[in-house]
Structures are given as structure tokens and as C-alpha cells.
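I opened the model today to look up a few residues and the contact between the chains. My notes follow, in the order I checked things.

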Amino acid sequence: MSTALLDVRDLVKEYPGTTAVAGVSFSVPPGICFGLLGPNGAGKTTTIEIMEGILPPTAGEVRYRDAPLGERFREEAGILFQKTALQDFLTVRQCIALFRGLYARGLDVETVIRMCALEKLAGRDARKLSGGQQQRLLLAIALVNDPAVLFLDEPTTGLDPQARRNFWELVQSIKAQRKTIILTTHYMEEAELLCDDIVIMDRGRIVAQGPPRRLLHEHFAEVLLELPRQDFPPQARSLPLHILEANDRIEITTDDLEGTLRTLLAAQVPLANLRIRPPNLEDLFLELTGTELRP
Amino acid sequence: MIRRLLSVLHARNLEFVRDRSALIFSLLLPVALVIGMSFVFGGPERPLFKVGILSASVNRDAAPFLREHYVQFVAVPQRDAALRELTHQQIDLLVELGPPQRYWVNTDSPKGYIVEKLLLAADPSAQRQPVSGAALRYVDWLFPGILGMNMMFSCLFGVGYVVLRYRKSGFLKRLHATPLSAFEFLSAQVLSRLLLILTVTAILYAGIGAVIGFHSVGSVPLLILLAVLGALSMIALGLTIAARFSSEELVGGLLNVLTWPMMLLSGIWFSLEGSPRWVQWVAHAFPLTHVLDAARAVMLDGAGLTQIAPHLLFLAVTALAFLAFGAWSFRWRIE
């Protein structure tokens with residue numbers, strides 16, 4: 001018997017002429033925030049929609065509490081889609097009440113309004129909310145059944161930095177209640193801040209899986225040197241260094257900072273614009289796929 | 001300005017032409033309308049008089065009177081129903097072929113007076129049975145049709161487009177992620193629209209009754225039952241169209257394909273009595289025909305539950321069948 005809350009087994013989703021998900025398997029233990037990362041078109045949303053029971057897979061299966069997705073899953077799952085429209089002419093409170101009425105168990109409407117800091121907006125027409133406020137309302141709707149598992153599909157895409165940070169705080173407070181969260185994002189900062197375990201997807205396949213710190217430790221030495229591409233002469237590309245080429249910059253990872261700097265100076269690479277920083281998930285994605293996460 | 005207008009025009013035309021299903025319907029609908037209109041309004045000139053013959057069919061060689069020109073002879077199997085029509089001057093004469101030949105004439109009807117002369121010229125021995133009764137005003141006959149037409153449009157378009165909008169906006173997809181079933185969602189839509197339609201119909205019934213008055217001798221609770229079943233059947237019919245499609249043009253085309261035949265064949269504006277048997281058969285496939293036949297029977301002739309039971313049964317069965325089909329074929333998201 002599996003101890004995982006969700007088991008994804010050999011998932012395949014094919015559309016005419018394209019394979020969106022090409023044999024993906026992973027498990028999500030209870031009580032963690034699990035991240036599905038990848039660029040646009042990697043298959044994240046398709047994978048999460050199959051996990052949500054919205055989209056049927058071409059092959060493979062998703063199991064919840066060691067059983068196929070069914071009535072119990074629908075009662076216990078909370079979902080925030082990448083894009084959702086609500087019924088017109090309803091206030092924030094009425095929208096939440098509508099969804100509360102669809103579940104046998106859940107939280108009181110006023111409690112959810114408080115949880116998502118919507119008290120001042122409760123009587124407002126839901127169509128007149130800003131992007132950040134709208135996302136808080138959609139999160140409130142996803143929480144209305146007090147879910148055991150919460151799916152967040154790119155919840156902060158399109159939000160301004162302040163609204164994004166506010167949303168992260170909300171998610172962290174939900175995470176503190178030991179709820180299982182499945183998060184898809186292409187913001188690495190978001191994944192690093194919120195996720196305990198991640199899967200990195202590219203072209204419908206998993207290219208790395210594990211806790212973010214462990215993955216970074218496994219793939220990188222201690223520091224990363226970053227140079228503007230125009231400062232890096234073509235002949236320097238043949239230097240005996242671990243060089244990654246991003247769109248507008250060159251990245252070099254090393255555990256011998258002094259030796260690397262000496263090599264660069266000897267090759268007459270200007271270091272005026274050099275940045276030294278620890279590697280992050282964005283670098284990991286570049287390392288694993290050879291492409292940047294956000295083109 | 002012209003360049004911007006042309007850009008938008010071009011994009012919209014491309015969108016329309018590439019939506020194949022909608023394009024085909026837009027082209028087929030006018031052709032279907034022309035064919036339908038030619039069947040309903042085509043053929044020879046309308047006769048001057050309408051005479052009911054008490055029999056299952058009319059054989060024009062059975063009596064000299066039946067060979068008269070400009071008289072429409074209509075087979076009427078049931079004497080009671082035919083006498084009601086004669087009393088309301090919906091037919092001008094009722095004849096039972098002999099021997100001896102008998103006929104009923106409404107002494108208050110000018111057309112009855114003339115057509116009686118024609119009958120007696122052809123068969124002077126025919127036995128006269130007089131009845132009397134004022135002509136039913138066209139508005140009395142038309143009123144149930146107007147109520148029914150309003151109900152039909154509200155049922156079909158009101159629900160169909162709402163479900164389509166929900167699907168296109170992604171609201172249905174969000175609902176799909178909850179324990180809500182398709183049958184529950186559709187039932188809620190049906191009941192919501194039913195409540196609206198009953199309210200509007202009640203206001204029209206009372207309002208028009210108060211302003212211009214109309215003839216209604218039947219039971220109001222029976223009319224309410226009829227309105228409920230009729231609206232349920234037509235709302236459910238609208239849902240079968242909106243259950244899976246995502247194109248406004250296609251859904252609009254399909255709804256037009258349903259509404260136009262009902263407008264022409266269900267008896268909103270004129271009676272189909274005397275039209276070809278197959279036209280009447282087609283007409284009785286539509287819920288609106290049953291609503292109007294039953295409503296007129298109750299309002300004009302005072303028919304009771306037993307007399308309109310077949311219509312009520314048809315509406316109840318089709319409501320359940322359409323709703324079941326709608327739930328089965330329902331799509332929460334754009335395919």
C-alpha cells in the first residue's frame with residue numbers, strides 16, 4: 001500500500017500531432033508543497049489537469065489515497081486554475097457561498113473570507129477586482145471545502161511583484177496548516193520559496209526530481225560566475241571551464257573561484273561586469289535542458 | 001479609419017469562414033426556410049369556406065356537394081370536437097354523409113348561411129341541425145400562441161446561450177472540478193429558467209387579460225401544469241443543443257433550425273387543420289405544438305385533464321428524454 005497522497009503513474013497525454021506528456025511518474029507525500037516546474041509548453045498544466053481529474057490521460061493513471069480519482073477526491077481537492085471566470089453579477093461573498101454549496105463539508109464562508117484577507121472586498125462585484133484580489137478570491141474558492149490537497153496552477157502569473165509576494169504569504173500560511181499543495185510555476189523564486197519537493201519538466205518529460213536544495217547540490221559546485229554575453233570573447237568558449245550559455249549571459253560554475261578568475265584574466269576576458277552568486281533553480285534548468293526557463 | 005475597419009472586417013470574416021460548422025448552418029438555414037415556407041404557404045389559393053365532414057377521410061366522389069369549388073373539406077372524426085369548432089365558427093358547416101345526409105349550421109355565422117345554400121343546391125333533402133354561437137375572435141385563438149412563442153424563445157435561447165457562455169469563459173471547467181454532476185448543473189439551469197418563464201407567462205396572462213381581455217373557460221391550475229411541462233420540455237431541448245458545442249454561430253444556427261419550424265408549424269399564427277397529414281405529423285414532433293393544442297383546448301373549449309393527458313404525457317416524456325440526453329452528451333470544457 002502506498003503512503004503517498006497522490007501517485008502519478010506512467011502518465012501520457014497525446015493530442016493529434018503532439019505529445020504533451022510523455023510517460024511521467026512521481027509520488028506526492030502528504031503535507032508538503034510539491035512543485036511542477038518548467039517553461040511554457042513543458043506539459044505542466046496538462047499534467048496537473050490530469051491530476052485534478054479534469055482531463056483524461058491517453059495512458060497511465062493518477063491515484064489518490066491509493067485509489068483511482070473519484071468522489072472522495074473531488075470532495076477533498078481544492079483547485080485554482082491558471083485562468084478561471086466566475087459567474088457574472090455575484091459579489092465576492094456570493095461567489096464563495098456558491099462553491100461552498102457544492103461540497104458536503106468545508107469551512108464557513110466568513111472564515112474563508114478572513115483567511116484570504118477579503119473582508120473589505122466581500123460585498124464587491126467579483127468582476128471589479130484587481131488581478132491580485134481576483135487570485136485571492138480564486139484561492140478562497142479553492143479553500144472553501146477545507147481541502148486535503150490544494151492545486152495551484154501558475155497562481156501568480158501576471159501579478160505585479162507586490163501582489164505576488166502577498167499571494168506567497170497566503171500560500172505559506174496554508175502550508176503551515178500541513179495541507180498538501182501541488183504548485184506549477186515558471187517562477188523559480190516562487191518554487192524555491194514555497195516548494196519542499198520539485199519535478200522539473202521539459203517537452204513532456206521529467207528531467208529532474210527531488211528537494212530543490214539537494215538538486216542544486218547534486219548539479220552545481222559552490223559558486224556561479226555570471227558575465228554579459230558581449231563581454232565573453234568567442235575564443236574564451238574553449239577554456240577548460242564549465243560554461244553555460246544563456247540568452248544574454250554566460251554562466252560558469254566552479255568550486256575553485258580563484259583558479260577560474262585567473263583562467264579568465266589570462267584569456268583577457270573583461271571582468272568589470274562579473275557577478276558572483278550561488279546557483280538557483282533557473283541555472284539548474286539551464287544546466288539540465290540547455291535552454292532558459294523564460295525565453 | 002477605413003484601413004482599421006477593413007482589418008477588423010477581414011479578421012471577423014476569417015473567423016466566421018474557418019468556423020466550418022457555423023458556416024454550413026448559415027448557408028443551409030435560408031435554404032431550409034425557403035423549402036419550409038413553400039410547403040406551408042405554397043399550393044393553390046386558400047378556399048373561401050371550410051366544411052367539416054364527419055368521417056376519417058374525405059372522398060370527394062361520395063356526394064355531389066363535395067365536388068364544390070372554393071370549399072375546403074376537412075375530415076373530422078369526432079362529432080363533439082367538430083361541433084365545438086362550429087359553435088366558435090372555426091368551421092362554417094358540419095356534414096354527416098347519408099343517407100340521410102345531415103348537416104349542422106351555426107345560425108349566427110354569415111359564412112355558414114352562404115355555404116348552407118351551396119349544400120342545399122347540391123342535395124335539397126339534407127336534414128338541418130341548427131346550432132348557435134359567436135365567432136371566436138382571432139385574438140382569443142392567437143393569445144395562447146403568443147404566450148407559447150414567448151415561452152419557446154425564452155426556453156431555447158435563454159438557456160442555450162448561458163451554458164455556451166459559461167463553457168467559453170471557463171466557468172464550467174471550474175465547476176467540473178467540484179463534486180457537481182452534469183445532471184445537477186443542468187437541472188439547476190432548467191429550474192432557474194422555469195421559474196423565470198412561469199413568472200413572465202403569468203404576468204402576460206394576467207396583464208393581457210386585464211387590458212384587452214380574452215376568452216378562457218378552462219381550469220387555471222391545469223394551464224399552470226401545462227406551462228410547467230411545456231417549459232421543461234423546451235428548456236431541456238435547448239440544453240441538448242448547448243450541451244457540447246462551443247461556437248456561438250453553430251449554437252445560434254441549431255437553435256434557429258429548431259425555432260423556425262416551430263414558428264411555422266406549431267400553430268402559433270394559423271391552424272394546420274386541413275394541411276397534409278405529413279405536415280401535421282411533423283408538427284406533432286415539436287413540444288410547442290402540444291403546448292398550443294392543449295392550451296387552446298383548455299382555454300377555448302374548457303377541456304379537462306383527461307382530454308389533454310396525451311399532450312401532457314408527451315411533454316413530460318420529452319422533458320426527461322432531452323434532459324437525460326443533455327446530461328449524457330454534456331461537455332464541461334471546450335474540446
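Is B:Arg84 buried, partly exposed or exposed? I looked up its relative accessible area, which is 35%, so B:Arg84 counts as partly exposed. I keep in mind that this is a predicted model. I placed B:Arg84 in helix 3 of chain B, residues 79-87. I then checked a distance to B:Ala206, which sits 122 residues away along the chain. The C-alpha atoms of B:Arg84 and B:Ala206 are 26 Å apart.

**Chain B overall**

I counted the elements next. Chain B has twelve helices and five strands. It has 335 residues, and 45% of them count as buried. I also looked at contacts in chain B between residues at least 6 apart in sequence. Of these, 71% join residues at least 24 apart.

**B:Asn106**

I moved on to B:Asn106, in strand 4 of chain B, residues 102-106. How buried is B:Asn106? Its relative accessible area is 1%. The cut-off for buried is under 20%, so B:Asn106 counts as buried.

What does the side chain of B:Asn106 reach? I found the backbone nitrogen of B:Asp108 at 2.9 Å. A polar atom of the B:Asn106 side chain also lies 3.2 Å from the backbone oxygen of B:Thr87. I then listed the contacts of B:Asn106, leaving aside neighbours within four places in sequence. They are B:Leu86, B:Thr87, B:Gln89, B:Val131, B:Ser132 and B:Gly133.

**The sheet in chain A**

I turned to chain A. I found an open sheet of four strands there, in the order 2-1-4-5, with antiparallel pairing. Which strands stand at the edges? They are strand 2 (18-28) and strand 5 (67-68) of chain A. Each has a single partner strand, so one side of each is left without a neighbour in the sheet.

I followed strand 5 of chain A to its partner. It pairs with strand 4 of chain A, residues 59-64, in the antiparallel sense over two bridges. I noted one residue pair: A:Tyr64 has A:Ala67, in strand 5 of chain A, as its bridge partner.

Which helix packs on this sheet? I found helix 1 of chain A, residues 44-51, touching strand 1 (6-15), strand 2 and strand 4 of chain A. The direction of helix 1 makes about 120° with that of strand 1 of chain A.

**Chain A against chain B**

Last, I looked at where the chains meet. I counted 20 residues of chain A in contact with 13 residues of chain B. Chain A and chain B bury about 1,600 Å² between them. Carbon and sulfur atoms carry 60% of that area.

I then sorted the chain A side by helix. Helix 2 (71-76), helix 3 (92-100) and helix 5 (131-143) of chain A each supply at least two residues of the side that touches chain B. Helix 2 of chain A gives the most, with three residues.

Methods: Residues are numbered from 1 along each chain as its sequence is written. Chains are lettered from A and ligands numbered from 1 in the order in which they are written. This is a predicted model: local features need pLDDT of at least 70, side-chain atom pairs count only at pLDDT 80 or more; totals for chains, interfaces and linings use all residues. Side-chain values use heavy atoms; hydrogens and water are left out. Buried means under 20% relative accessible area, exposed over 50%, partly exposed in between (1.4 Å probe, protein chains only). A polar contact is a pair of N or O atoms within 3.5 Å; within protein, one must be able to donate a hydrogen and the other to accept it, and residues adjacent in sequence count only if both atoms are side-chain atoms. Contact means heavy atoms within 4.5 Å. Two strands pair if DSSP finds at least two bridges between them. Axes are lines fitted to C-alpha atoms, for helices over the stretch in contact, and angles run from 0 to 180 degrees between N-to-C directions. Buried area is the accessible area (1.4 Å probe) that two parts lose on being put together, summed over both.
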